[in-house]
Amino acid sequence: MAIIERPATVPAFVGDASASPPALVTPTAALGAFKRPVSTTGWKSWVFTVDHKKLGLMYGAVSLFFFLVGGLEALLIRLQLAAPDNTVLSADLYNQMFTMHATTMVFLFVMPMAAAFANYFLPLQVGARDVAFPRINALGFWLFLFGGIFLNTSWVLGGAADGGWFMYSPNSSPLFSPSHGIDFWVLGLQITGIASLVGAINLIVTIINMRAPGMSLMRMPVFAWMQLVTQFLLLFAMPVITVALFLLSFQRNFGAAFFDVEKGADPLLWQHLFWIFGHPEVYIIILPSFGIISEVLPTFSRKPLFGYKFVVFSGAAIGTVGWGVWAHHMFASGLGPVSVAVFSAATMLVAIPTGVKICNWTLTLWGGKLWFTTAMNFAIGVIVLFTIGGLSGVTHASAPADTQQTDTYHIVAHFHYVIVGGAVMGLFAGFYYWWPKMFGKLLSERLGKWNFWLMFFGVNLTFAPMHILGMQGQPRRMVVWPKKLTGEGFFNLGFWNQVATVGSFTIALGVLIFVINIFVTAKKVEKAPLDPWDARTLEWMTASPPKEHNFDSIPTVHALDEFFHRKYEEVDTEDGPRLVRVKSAEQILAEEEAAGDAHIHLPSPSYWPIVLAFSLPVIAYGVIFNLMLSVVGAGIMILGLFGWVLEPSVADDSDYDPPAEGSGPSKELASIG
Amino acid sequence: MADITIHEGAAAPADHGHDDHGHDDHGGAHVTSTGLSNNKLAMWLFLGSECLLFGGLISTYMLYRGRHGGGPGPAQVFDIPLTSVSSFVLLMSSLTMVLAVNSAKRLDDRNTRLWLMATALLGALFVGGQVYEFTAFYQEGLGFTTSLFSSSFFTLTGFHGVHVTLGVVMLIALAAIIGRGRISGDKAEVVEMVGLYWHFVDVVWVVIFTLVYLIPA
Amino acid sequence: MSAVTDTTHDAEHAAEAHDGHHTPSDRHFIIIAGWLALLTALETSTYWIDLGSFATPLLLIMMTIKFFMIILVFMHLKYDSKLFSVMFYIGLGLAILVYSVFLATFQFFAR
């Protein structure tokens, strides 16, 4: 059967279980009701878009908003702890605050912000014009947005979740948390979880199947690699939390017995399921940031990444070993000596690939012509702060030490160093590095320096004292510290709590400057140069911001750091071989434009992702308040699925601009964005 | 279908002159980097992910199967002859499913629809058996909230039942869409995709049948 | 495989043809289904015949055989690209490993 030569017509199959097979109809045969939207301007061009760049920007904007929300919650927590016997928050509100702070930061900021970068830059970095499943991509974004809103509406509908972000049972049962908060939390995470799952499938297929010619796996940028590992972790970790959340919601909403100790339930069931998800989750949080700084460090050291293969494989190793360490979160729960020993050893093992990465980044800097832009500052900040957090992490791998530190501020110090110092600082490196690519304007470097140094000092000021607090025995989640228990001298709790509070406001000031920077930059008329950082990877081989179709002609890749190798060639001189600049970015772009494809069809926008995504919070409200509402939601869902399936594959021909004769590439796609 | 236009755009410029040398190592490599269908790859990834979902539910059941307090336990309620019959029914639906896929590959619409409907019918029969089973259990005093055993049993088999029900809906919709000629692209692949999902649901039942019903607690 | 020369076939079929693989015929599927039915009958028979401590391992073996018959033949993993197998087996292997350890921490296998 080797005679089939034409490209396959691959239907836009939903790719998940809820999908019915699509009808591949030609536009002219389409049912009138299921026409595809075609607006290129106005709100419709955003709401119905399937363009990975627009979705990436929306992911970014929404996550940034939730970052501010989560930050506000953090500040309230720190205010409450700023003085002895403080009354800024009631104990009940305080519980909700730290639960929602963690939930928001993890699920509504760090993960989706990494997804924003993945959405925007993965297709560009591997040389594709969009992701493999554009409509599913849109579905993922809307699910995330609606899930996040749903989660936060609990504040006004009877109080937010108050069980801590890991929501241990039996504390999460209705007896101990009678408000609807935990129901909102469970169902909200279920919705954002679906977003992560479909996003993971989509991005993995994109990386495996949509690479430009010549872009072998070992020529992919490290960011793409780290995203690949992250998406695999999501793919396999999300179903585990899904199970746990279903068990909990069946218990809370339908009276199931899963965590009912009276009936003989084992509270460790929840802990295991949560941490089987939860530990891969921490790598899901950190690996995208590792990917970003692996792009930023070589660019601003003007050297290739030291040991590319080691960085890639150690990332994959972290992803693998990360599955065998979950019970180190449970050393204090009485697992038994064998389990503790096994998980303790496995945990120490994770330090090896992580250490490899730190070494590689440091050696990338070694001997490089360092250029201290704000992005570079943040990237180096990640190395420093993550190493501190990593070292305290290794001490927790030792079960006897961990048993002392469990549920104290020492743990809080550790994971904030790795999450804020590692993941968040990495994302900020990404903002400064890629801003000119996304918006065509450089963020102000002057404000950027303030942004960086305030955040860097703020992080240390906030979280370093928590090591002391923890060692002194201040428990996590403690709502007040009484004056009489603060102790005296250098190690008194009151002083260090106040230092941490000052630190948290320093971070907030840094973030505020970042927000100001965004507005200042938006007002700026001056355009960024095409290649402001002398960058190395494919995403810089297109206009800034990229054209709707990313590349005029799909580049053929010959090497790792393809763009760099097009700009520079090795020339033999008297002093040995030297790199000489042979082309500018503008010349390369002009070449690509000249060789541009004449007709580029991009995926048409669609109504159905947002409709389908909207049905889920409706169902979820129904589960909490009235099952009739769930029936309505299910109706919307069925409508959405049918619309999705019966939607014509592309917008009607008459909706396109007629192809312009001989006037450069891709005129016709201009109207379909 | 939206996706396909990207592939064409991405790897094969509209002017087909200069992409014809790309497919010597894998047949059709000019479609995707690996030459494999995006949809099938996505489906297999999804099924890999589903392993962790059902694994979690099965493990929860295994952990709790002996904890039935005062209520009836597995040995009292399970009706092995009935479950064996419904297991057999589901197993045979996998046969009709592969026959549908083969018919679709032969471009034999009539038989494709016939076998799809046969599969849906067998699937519905299985779900019917499950509804009967649940009702019988309930009458024997095993409610969803009765004990840890009952909660985890109904959750596990209920999840599976929902998967089968979704599959039945997909099969019927697919047969209808094929009947109305609304698939103009690669029909065989669409049928195959639904088939993969269906077989996976069957394979999960193979595991549940043994671990839950046959191996004594 | 029968006379499939139509252009509606996707890249994989072409790839399969390259490797000399064919989707099994209807007859082959029916034979496999017969084996599956037989195994199910054997499994069920353990309900009436007391095999003592052999029952559990035997049942697990038969389950495994059925499992792989379905995924290898009915789901074409045997005939398809290795990549699909890899994707699925990562999930399957991870599930078995992780949940075995999970149950082991509850002393499930010691009981």
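Predicted model: local features only at pLDDT ≥ 70, side-chain atom pairs only at ≥ 80, totals over all residues.
Together the two chains bury about 4800 Å².

**Chain B on its own**

- Reading from the N terminus, the elements of chain B go α-α-α-α-α-α-α.
- Chain B has 217 residues, and 70% of them count as buried.
- Take the contacts in chain B between residues at least 6 apart in sequence: 75% of those link residues at least 24 apart.

- Of the roughly 4800 Å² buried between chain B and chain C, 75% is on carbon and sulfur atoms.
- Three residues stand out on the chain B side: W44(B), L63(B) and K105(B) supply 14% of the area that chain B buries against chain C, more than any other three residues.
- On the polar side, the count is eight residue pairs in polar contact between chain B and chain C, taking pairs with both residues at pLDDT 80 or more.
- There are also two salt bridges across this interface.
- R106(B) forms a salt bridge with D26(C), and their closest N and O atoms are 2.9 Å apart.

**A closer look at H163(B)**

- H163(B) sits in helix α6 of chain B, which covers residues 148-179.
- Is H163(B) buried or exposed? H163(B) is buried, because its relative accessible area is 9%, under the 20% cut-off.
- The side chain of H163(B) makes a polar contact with the side chain of E50(B), at 2.6 Å.
- Setting aside neighbours within four places in sequence, H163(B) is in contact with E50(B), L53(B), F54(B), Y197(B) and V201(B).

**A nonpolar patch on chain C**

- Y47(C), W48(C), I49(C), L51(C), F54(C) and L58(C) make up a nonpolar surface patch of about 650 Å².
- One of these patch residues, F54(C), lies in the loop between α2 (26-45) and α3 (55-74) of chain C.
- F54(C) counts as exposed because its relative accessibility is 59%, and the cut-off for exposed is over 50%.

How values were computed
Residues numbered from 1 in each chain as written. Chains lettered and ligands numbered in written order. Heavy atoms only, no water. Patch = residues over 30% accessible without salt bridge, like charges linked within 9 Å, V, L, I, M, F, W, Y side chains within 5 Å. Areas by Shrake-Rupley, 256 points an atom, 1.4 Å probe, with all protein chains shown as cover. Salt bridge = Lys/Arg side-chain N within 4 Å of Asp/Glu carboxyl O. Helix = DSSP H or I, 4+ residues; strand = E, 2+ residues; numbered from the N terminus. Buried < 20%, exposed > 50% of the residue type's maximum accessible area, 1.4 Å probe, protein only. Buried area = accessible area lost by both parts, 1.4 Å probe. Polar contact = N/O pair within 3.5 Å; in protein donor to acceptor, adjacent residues only side chain to side chain. Contact = heavy atoms within 4.5 Å.
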